[in-house]
Amino acid sequence: MKKITTTLFLLIIIQGLFAQNLSKTERFNNNILSQYSTYFSGILLNEKNQLEITATNLFSELNTTDKQNIMNILVKEWQESFVIIVFNTKRELWGWSPSTDKAILVDSWDLNSVVKSTVTDHIERTNQMPWFFYIGGMNYFDTDSNINGALNAHVGVFLLKNKWDVALTFSESIQGNIDDETSSIQAGIGAMTRLHFPIKKYNLSPNVGVQLTTYLTASGDDAAVFSLTPSLLVGIGWYVGIGSIDASVSIGKNFVATVGYTFMPKFKKKKK
């Protein structure tokens, strides 16, 4: 019996508090807000117990002074919590400042702008580092079985809005005669970086950079030799389709010219 009595007592208290809270909202709506029915059309308490007042377009068109005068009255009469003014997708957060004895605009925002900004930031962060893959090479073979060929491949990412890229590199070259055991083979693994200077009007992008490569060279029966070689890179890219046709020159211990195609699947979509 005591448990039932206690439960009923708690329910009565909760209902009383809810009714008191509701009566404050109704009193505010009937006694204060109704005087400004031209500017406001609704009222409610949100889940955070903050007062939300739905405004009409006329309120949003008021100048700063008139809006401040109205909010001075509303916020002074409702100091239970912050007051949020809602009109269309825009929001204003108002509070009371005891030091100035006036309402103060704490914050304002547009829901559409918040969503758009978030999506835009995500796209920009994603597009700052798109992956790219490059492959190019050359081959020469004649009737005397002489062969001269090269293969170059890069895989990496574009950084800083496609103006600077970093990549790992692989290269391989062969020179000699397939019937002669003295033919030489050279393979290299390294890293490179390039700075681009886009010319959007012509879809061109000249670039300059540096490369550091470790080479392994083998020739005939001689022992393989390792070497570390820096190179200067100069090139140009022509944006076509979902990537660019690239021509570049590597100037270092050896002089190497390559032509290839850089695939950038998101490039065409971004240009739109």
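Trainee: Is L232 buried, partly exposed or exposed?
Mentor: In this predicted model, L232 counts as partly exposed, because its relative accessibility is 38%, and that falls between the 20% and 50% cut-offs.

Trainee: Where does L232 lie?
Mentor: L232 lies in strand 11. It is also one of the residues that make a nonpolar surface patch of about 850 Å².

Trainee: Which other residues make that nonpolar patch?
Mentor: Besides L232, the patch has W164, V166, L195, F197, V208, V210, V234, I251 and F255.

Trainee: And which strands each supply at least two residues of it?
Mentor: Strand 8 (164-177), strand 10 (204-219) and strand 11 (225-240).

Trainee: OK, what about G209, buried or exposed?
Mentor: G209 is found in strand 10. It counts as buried, because its relative accessibility is 10% and the cut-off is under 20%.

Trainee: Which residues lie nearest the centre of the largest cavity?
Mentor: F158, H196, Y239, S244 and D246, out of 11 lining residues. Strand 9 (184-196), strand 10, strand 11 and strand 12 (243-251) each give two or more residues to the lining.

Trainee: How does that lining divide into nonpolar, polar and charged?
Mentor: The lining of the largest cavity has 6 polar, 3 nonpolar and 2 charged residues.

Notes:
Residues numbered from 1 in each chain as written. Predicted model: local features only at pLDDT ≥ 70, side-chain atom pairs only at ≥ 80, totals over all residues. Heavy atoms only, no water. Patch = residues over 30% accessible without salt bridge, like charges linked within 9 Å, V, L, I, M, F, W, Y side chains within 5 Å. Areas by Shrake-Rupley, 256 points an atom, 1.4 Å probe, with all protein chains shown as cover. Salt bridge = Lys/Arg side-chain N within 4 Å of Asp/Glu carboxyl O. Helix = DSSP H or I, 4+ residues; strand = E, 2+ residues; numbered from the N terminus. Buried < 20%, exposed > 50% of the residue type's maximum accessible area, 1.4 Å probe, protein only. 1 Å grid on protein atoms, 1.4 Å probe; cavity = no way out; pocket = protein on both sides within 12 Å on 5 of 7 lines; lining within 4 Å. Nonpolar A, V, L, I, M, F, W, Y, C, P; charged D, E, K, R; others polar.
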